[in-house]
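Have a look at the model, then read on.

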Amino acid sequence: MKIWVDADACPVVIKEILFRAADRTGIELTLVANQPIRVPASSNITFLQVIAGFDVADNEIVRRLAPGDLVITSDIPLAAEVIDGVGMVLSPRGELFSEENIKARLNIRDFLDTMRASGINTGGPPALNQNDRKLFADQLDKILTKYLKKQN
């Protein structure tokens, strides 16, 4: 398993949780973004900068994805592609996307896009809070613990 991070919009606090998890477990972590991002010096943490452009980072993650990899993103279309590619997806808010819930999430996203296109202000997501961080850390720990048990 590798962990891929859609890093352009990933909150710093979530990246820090991921850095600690990668160092603790030895699982390879790659942050993908179209702008430079600071990562700690570590043999299993890397940064991949892609050219700027619509969905360039998303496409690079999908291209490099292997079955069983974990992707960290709040991008619903990317999450759907990852799930189709037999990967796992965890949002920075700790929501685990799956075949069971991704279609509903795509429908909601498309509905909100339609509303915004017609001039309705749908607002954005609330700020990431302590509960979101805890939920993310707990879900990540469950995924990594399950993976590591399989390896032993």
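## Helices on the sheet

Helix H1 (residues 12–25) lies across S1, S2, S3 and strand S4 (70–72), and runs at about 150° to S2. Helices here are DSSP runs of H or I with at least four residues, strands are E runs of at least two, and both are numbered from the N terminus. Axes are lines fitted to C-alpha atoms, for helices over the stretch in contact, with angles from 0 to 180 degrees between N-to-C directions.

Helix H2 (residues 56–64) also packs on the sheet, touching S1, S2, S3 and S4 (contact means heavy atoms within 4.5 Å), and its direction makes about 170° with that of S1.

## Where this comes from

This is a predicted model: local features need pLDDT of at least 70, side-chain atom pairs count only at pLDDT 80 or more, and totals for chains, interfaces and linings use all residues. Numbering starts from 1 along each chain as its sequence is written, and side-chain values use heavy atoms, leaving out hydrogens and water.

## The sheet itself

The open sheet has 6 strands in the order S3-S2-S1-S4-S5-S6, with mixed pairing (a pair needs at least two DSSP bridges). Strand S3 (45–49) and strand S6 (96–97) are at the edges with a single partner strand each, so one side of each has no neighbour in the sheet.

Strand S1 (residues 2–6) and strand S2 (residues 28–33) run parallel, joined by 5 bridges. Trp4 sits opposite Thr30 in S2.

## H1 meets H5

The axes of H1 and helix H5 (residues 130–151) come within 11 Å and cross at roughly 25°. That makes the two helices roughly parallel (angles under 35 degrees).

Definitions and conventions
Parallel < 35°, antiparallel > 145°, perpendicular 65-115°, else oblique.
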